[in-house]
Structures are given as structure tokens and as C-alpha cells.
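Hi,

Here is the structure for you to look through. My notes follow below it.

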Amino acid sequence: MNPTMSRESLLFLLVFLFCSGSSRAQVRVWLTDPDKSIFLEKQSATLLFDGATNENSTITVDSGETFQTIDGFGCCLTGGSATHLIQMNPADRAALLNELFATNGANIGISYLRVSIGSSDLNDHAFSYDDLPAGQTDTDMANFSLAPDGAAVLPILKEIVAVNPAIKILGSPWSAPPWMKDSDDTRGGSLKPEFYDAYARYFVKYIEGMKAMGIEIDAITVQNEPLNPNNNPSMFMSARQQADFIKNNLGPAFRSAGINTKIIVYDHNCDHPDYPIWILNDPGAAKYVDGSAFHLYAGKISALSQVHNAHPDKALYFTEQWMDARSSFKRSFDLHIRDLVIGATRNWSRNVLEWNLASDSEYEPHTDRGGCDRCQGAITIDGNKVTRNAGYYVMAHAAKFVRPGSIRIGSNYLQALPNVAFEAPDGQKILLVLNNSQSPRPFNIRYGGKQAASTLNGGAVGTYVW
């Protein structure tokens, strides 16, 4: 210490160090405990990092160990979701959209959306943006129109973008127009090779049309669930077909049109990591591809790391998982926190998306011949009445705190206390922890050589911020 330092300067330095050290030591906690009917509730007491020790399990957070950057957390805005929203009273809708997408105050700040290119199975009927009478074709896309989304999806997206201009939007097609397919149907079938160029123009038209309406499409997946021909709409596309389409048609079409929208492959279950790896092993296709997307209706979430290890230069995304209306809040909430928010991000995913944003209490609308009739929305909308379901709180526990640009940092995984840690752009540390057991469990959070003690009830989730 400088011997010439004045008493006043020394006192100021000690006060500064004490205050700044105390600020760093305070841990704020947001809790969801379904058994206690606590939902994303900020706890009045803060935790403190100190030098105390005990025999409880310890989660050690290490900001010196860094992984992927986070793009955001959110859900899928289906045609049905938009229909329920647009039918609300404008003032009630504005308040709800602000709660969902604004980043200030008590709002949860959803930062990533997925929309369907054409219809998904959660529209009231299947359609594309270039439907024609039987026997007709339109290879120049002269008949292309976003009008089918004009009544609900487009106005709702514009309102969302007005609330959160930085939101990332991913577009995914469930099917090409039926006239391009060997089934001549919205369901099943494959894209005919003679229409590969036309389908590439279809994507270009979509991205340019959305941009003209003030809606930037950050990324597209080439095909939703390409190995599932049983949904309505749906389309089968093998890895070889997808690679050929990307390298010979879609990639060159984007480059020619000056489109920077990311191209993401696969967009299906974790049981076939070989599918995206096959495409990424093809240099002609891989040069146009940003990364791969996954669902978890089959396989293990660790498949994402398998793809990362094969191609560490490519991004990974988690783009869909439904919640079954027959399942309990606690079971759905805990599974999605453990397997998606924690599991997917610990396996290199840059985002996590719930399926879907909104339904009504009858789980409508959906298509016939394969549309999901029990997909519970993150929120249920009946008129102007809004119910917040498990998916809402799954999103909120991550999206509100782990803002885009955050980086996943190191933390040791405990089977009884699954967890994941992040460092936000402003330097704050965020730790999400689930008590994976049935009974209360005390544990420690260790950071920077000190630790804070906490307890979670069975099935409870805490987001810890310092």
C-alpha cells in the first residue's frame, strides 16, 4: 500500500471495495415450485457468496470455460397461435404481446420465434403460398403470394417486431406446394427433381416478401421433420435429396439473390444425427449451411454434441418440442427444463424453442389427417382470457435472463441437480438449476472461490443471477 495515501483516500478505497464486493456477492433468485404454486417468483431474500463450507452437493460455475453463444429462447408462432391472438381485444393483445416479447420490467422477453413457411399442422387447413388447380405448374412463381397469412400471422408478426425489433425469426416449411411433389398432396410424398429450381425460387420469394413487410427472416430450415411423411402437411426428404437441393439449387439461389438468411438442415429428431452429418460431409452443400436443427421426440439430446464433434464449425439449434395436454404441469415443466433448456444448451444448441405459442382450451385449430389434436400452447387463449401453462414458464426461466449474445460457461453437471450456466453480455452470471428428485435438496453454488447455499424443493427450478 502506498504509504503516502491520505486517510480520506484509504477510507474511500475500503468503502468502495466493500460495496463492490458486496454487490458481486449477492445472488438474486427466481423460483418455480409447482407443488407450492410458485411460478417465476422473485425471492425476497438474496443469497450471499461467502467462505462457509458444508457437506452438501456443490455446483461450481467457471466463467473461464466458454462454449457457444446463445441466440435466444422462445417458441413457434403457428397459424393457430396467430389466429387466437388476432381475435383478442386490441388492448388485451397489446398487453399480452408486451408481456411476452418486451425485455423490461416483469416482461419475459422472448427472443426467438419459429414460423411455418406455408401452413403447419396447427392451421385449420393445409396450404402453401403457391397452390394451383390439379395439373397446373408455376415454375416462375408468378402465382406466389403470402396472402394466406395476411389475416393473422403477418399482422401479429408486425406487432411482435414493433415490441422487440431484435427478435430472431426462423422459417420452416412443412411441405412444398403439392404440384411440386410426387404425391400431388399436402401430405407425404417427395419433391420432384424437376422442381428443385422452382422450390428454391419459392424460398427466395418468401424471404423477399417478408422483408418487404418489415419482417426479417434470420434463418430457414429446408424441411420440417423430413423423415416424417405422416403429418398434414408433410414431405419426405432424404439426406441425399436435401444435400443435392442445397448445393445445386437453394444455396446458389440465395447467393444470386443476395440473401444472407441462414440455411439450417435436418430439423428432426435426435435419433438420426447421421442425417445432418451426411450433409455436412458434402463440401458442396456444407458451404451454404449454417448448422443443424433438432427435435426430441426420439433419440437422446446428446446427439447434438455428436454432430458438433463431427463439425465444430457449424451451429446447432433446438427448434421444436410439444407439450402433451394430458401431462401434468410439473411433469411437462421439469422434462422441458431438464432435457431442453439445460440439455440442449449443454449440448451446444444456440436456442431452445417450445411448440407452440398458443392454443385454445380445445387445442384448436389443427389440420385433419395428422394434425396435432392435443398440443398444449405455452399459453391458452379463450377470447380475452389467458392462461399461462408450463411452456410459458419454461421459456420465461431462460429468455428473461439469458439474453441473446450470452455465452454458455462451465458448470459441473449433477444427476440430482441438472444445471447450466451462462454469462450475459453485461457480465452477469446466470445459473439454472432443477431439483430432479422428489424431496428437498440443499446444495451450494461455488464461484470465484466462494460459495452460496441454497435449497430447492423436489421438482422446483431456480434461476440464480449475480
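M141 counts as buried because its relative accessibility is 1%; buried means under 20% relative accessible area, exposed over 50%, and partly exposed in between (1.4 Å probe, protein chains only). This is a predicted model, in which local features need pLDDT of at least 70, side-chain atom pairs count only at pLDDT 80 or more, and totals for chains, interfaces and linings use all residues. Residues are numbered from 1 along each chain as its sequence is written, and side-chain values use heavy atoms, with hydrogens and water left out.

M141 has a phi near 60 degrees, a positive value in a residue other than glycine. It sits in the loop between strand 6 and helix 4. Helices (H or I, at least four residues) and strands (E, at least two) are DSSP runs, numbered from the N terminus.

Y266 also has a positive phi, near 75 degrees. Y266 lies in strand 9 (residues 262-270). At 1% relative accessibility, Y266 is buried.

There are cis peptide bonds to check. One joins N232 and P233, with omega about 5 degrees. P233 is in the loop between strand 8 (219-221) and helix 6 (239-257). Another joins E364 and P365, with omega about -5 degrees. P365 is in the loop between strand 13 and strand 14. For background, most residues other than glycine have a negative phi, and most peptide bonds are trans.

**The sheet around that loop**

Two strands pair if DSSP finds at least two bridges between them. Strand 14 (residues 379-382) runs antiparallel to strand 15, joined by 4 bridges. I379 has R388 of strand 15 as its bridge partner.

**Helix 4**

Which residues of helix 4 (residues 153-163) are buried? They are V153, L154, I156, L157, I160 and V161.

Helix 2 contacts helix 4 through G79, A82, L85 and I86, against V153, P155 and I156. Contact means heavy atoms within 4.5 Å.

Best wishes
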